[in-house]
Amino acid sequence: MNAGKLVQLAEDFVGLVYPKLCVVCNGHLLKTEQGFCFSCEQELPRTYDELNPAANPASRVFWGRFPLEAAAACFVFTGQGKVQELVHNLKYNGRKDAGVAAGYYYGTILKTISPFLTADLILPVPLHEDKLHKRGYNQAACFAQGLSEGMNVPWSDKVLLRLKATTSQTRKSREERWENVGEVFAVSAKKKIEGKHILIVDDVITTGATIEASVLPLLDVEGVKISVVSLAAARD
């Protein structure tokens, strides 16, 4: 038996013991399917924000809040349907591969679109250590990993740090957000990100308050430019 057949047999055996499952519906994937089964991929509602990166619903969330190169969400989050299943699997069912698969899918799209293609580093919005310990992983970091693989851009969860849990910032004024942010997020190794185009990523954009809070300390670093990408975003 040649080496190719042995490899195929080994892969088939692994597939039987550890079958690859769709990150949305948890159904078995065909060999030609990656992350999403064909049915789920067709039903996931895309935003196509990347086609107008500076003036789409995702970017408008942050207008007037901080300097922004571009923003985009991959899917529309409605609180029900396929995207809810995807996010739920990622956040609560231990399906870290859901974030990686979604990130890779969107990364292969963004890597050809300006200004996302000029990103130097991908940073996930960090979880507070208590929530990280409880969940066991940061869902935004899973998405960042997939984006990194799809875009061929490095990512790190060591640059942007969360110092304490965030209280709701939706009712705070812009001045209050600036006063509070230094106590919530911090940046390590500032020299390493000077002059860099940073891609901040999270799982879902709703009010944008948490992303804004994480971005503000980055803007204290000379020459930093910011873009934002999320797995999904709430839309009216």
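Axes here are lines fitted to C-alpha atoms, for helices over the stretch in contact, and angles run from 0 to 180 degrees between N-to-C directions. All views are taken from a predicted model.

**View A. Helices H5 and H4 on the sheet.** Helix H5 lies across strands S1 and S6. The direction of H5 is at about 135° to that of S1. Helix H4, residues 82–92, also packs on the sheet, where H4 touches S1, S5 and S6. The angle between the directions of H4 and S1 is about 105°.

**View B. Strand order in the open sheet.** The sheet is open and has 4 strands, in the order S1-S6-S5-S2, with parallel pairing. S1 and strand S2 (121–124) each have a single partner strand, so these two stand at the edges and one side of each is left without a neighbour in the sheet. From one strand to the next, the twist averages 20°. Strands of a sheet pair through backbone hydrogen bonds, either parallel or antiparallel.

**View C. Pairing of S1 with S6.** Strands S1 and S6 run parallel and are joined by 7 bridges. Ala-70 has Ser-227, in S6, as its bridge partner. S6 spans residues 225–234 and is mostly covered, with 8 of its 10 residues buried.

**View D. Pairing of S5 with S6, and the crossover between them.** Strand S5, residues 197–205, pairs with S6 in the parallel sense over 8 bridges. Val-201 and Val-229, the latter in S6, stand opposite each other. From S5 the chain passes through helix H9 (residues 209–215) to S6. This β-α-β crossover is right-handed.

**View E. Pairing of S2 with S5.** The parallel strands S2 and S5 are joined by 4 bridges. Pro-124 has Val-201, in S5, as its bridge partner.

**View F. Aromatic pair Phe-62 and Phe-66.** The structure holds 4 aromatic pairs. In the pair Phe-62 and Phe-66, the ring centres are 5.3 Å apart and the planes stand at 45°, so the pair is tilted. Phe-62 and Phe-66 are both buried.

View G. Phe-75 and Tyr-105 form a stacked aromatic pair, 6.0 Å centre to centre, with 15° between the planes. The pair ties together parts 30 residues apart in sequence, because Phe-75 lies in strand S1 (residues 70–77) and Tyr-105 in helix H5 (residues 96–110). Phe-75 counts as buried, at 1% relative accessibility; the cut-off for buried is under 20% relative accessible area. Phe-36 is linked with Phe-75 and Tyr-105 into a cluster by ring pairs.

**View H. Arg-46 over the ring of Tyr-48.** The charged end of Arg-46 sits over the ring of Tyr-48. The distance from this charged end to the ring centre is 4.3 Å.

**View I. Surroundings of Ser-59.** Ser-59 has its place in helix H3, residues 57–60. The relative accessible area of Ser-59 is 1%, and the residue is buried. Apart from neighbours within four places in sequence, Ser-59 is in contact with Pro-53, Ala-54, Leu-68 and Ala-71.

Key:
Residues numbered from 1 in each chain as written. Predicted model: local features only at pLDDT ≥ 70, side-chain atom pairs only at ≥ 80, totals over all residues. Heavy atoms only, no water. Phe/Tyr/Trp six-rings, centres within 6.5 Å; stacked < 30°, edge-to-face > 60°. Buried < 20%, exposed > 50% of the residue type's maximum accessible area, 1.4 Å probe, protein only. Lys NZ or Arg CZ within 6 Å of the ring centre and 35° of its normal. Pairing = 2+ DSSP bridges. Right-handed = clockwise from strand over helix to strand, strands pointing away. Contact = heavy atoms within 4.5 Å.
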